[in-house]
Amino acid sequence: MKLKFKIFSVLIFLISVFSFAQKVSPFQINGELFEIPGKWEFKAQLKESGQFHLSNKKEKLSLLISVRNPEKFEFYQEGLSENELLNKFYNWESDYWKSSNGIETEVSEIKRNDEKKYIIWKLNLKNMPQNNNQDQITYLLYGLQNNKLIAINLTNNTDRKILLTESESIIFLEKIYLK
């Protein structure tokens, strides 16, 4: 009887692991592999910014991911430490959004991890006309891996009934970045 129970327990465990295992969508972008939880599809590459646009239709989420060499940025200087380079990258982008050309914008840093070389921040575009004058919130992770600057932007689509919370967004971005 105990043997049957053990076999039954092992079978239930294996079925649950394989049935409920989270699937990932792998994408290689400029030599870096990203394994994104869930089912994602490639939509387009934005030529100007080098970003790859990915979409999760079921979850109504959008991701923009870019992986670029630091030397291609105007703020790059020879001899910067990795953390100095990451800070320049974050400041360059957040300063752009703070001077947002007529769009009311709030920028706030949420989390910083100097050891793992990333910064998570939030961009709140206020009263967006294309979003029925609602705010559009994007969570961003800027990091440095393998001497490449990485930007991951997560946006809840406006037709999503329940938006991801800030903590859910942070956890999701870290899963993608930290592999």
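Which element gives the most to the lining of the largest pocket? It's α2, with 5 residues. Before going further, some ground rules: this is a predicted model, where local features need pLDDT of at least 70, side-chain atom pairs count only at pLDDT 80 or more, and totals for chains, interfaces and linings use all residues. Residues are numbered from 1 along each chain as its sequence is written, and side-chain values use heavy atoms, with hydrogens and water left out.

Back to that pocket. A pocket here is an open set of points on a 1 Å grid over the protein atoms alone, with protein on both sides within 12 Å along at least five of seven lines, and lining residues have an atom within 4 Å of a point. The volume comes to about 600 Å³, taken as the space filled by probe spheres set on the points, with grid points joined across faces, edges and corners. The lining counts 23 residues, and Ser 49, Gln 51, Glu 93, Trp 97 and Asn 153 lie nearest the centre. Besides α2 (82-98), the elements that each supply at least two lining residues include β4 (51-56), β7 (118-128) and β9 (148-156). Helices (H or I, at least four residues) and strands (E, at least two) are DSSP runs, numbered from the N terminus.

With 1% relative accessibility, Tyr 177 counts as buried, meaning under 20% relative accessible area, while exposed is over 50% and partly exposed is in between (1.4 Å probe, protein chains only). Other buried residues of α3 include Ile 170, Phe 172 and Leu 173. Leaving aside neighbours within four places in sequence, Tyr 177 is in contact with residues including Lys 117, Leu 144 and Ile 152; contact means heavy atoms within 4.5 Å. The Tyr 177 side chain also reaches the backbone nitrogen of Leu 144 at 3.2 Å. And although Ile 36 is 141 residues away from Tyr 177 in sequence, their C-alpha atoms are 9.2 Å apart.

Finally, a look at some backbone angles. Most residues other than glycine have a negative phi. Lys 117, one of the contacts of Tyr 177, has a positive phi of about 60°. Lys 117 sits in the loop between β6 (105-113) and β7 and is partly exposed at 21% relative accessibility. Asn 146, in the loop between β8 and β9, has a positive phi near 50°, and this residue is exposed, at 59% relative accessible area. Just after α3, Lys 179 takes a positive phi too, of about 45°.

Methods
A polar contact is a pair of N or O atoms within 3.5 Å; within protein, one must be able to donate a hydrogen and the other to accept it, and residues adjacent in sequence count only if both atoms are side-chain atoms. On a 1 Å grid over the protein atoms alone, a cavity is a set of points where a 1.4 Å probe fits but cannot get out, and a pocket is an open set with protein on both sides within 12 Å along at least five of seven lines; lining residues have an atom within 4 Å of a point.
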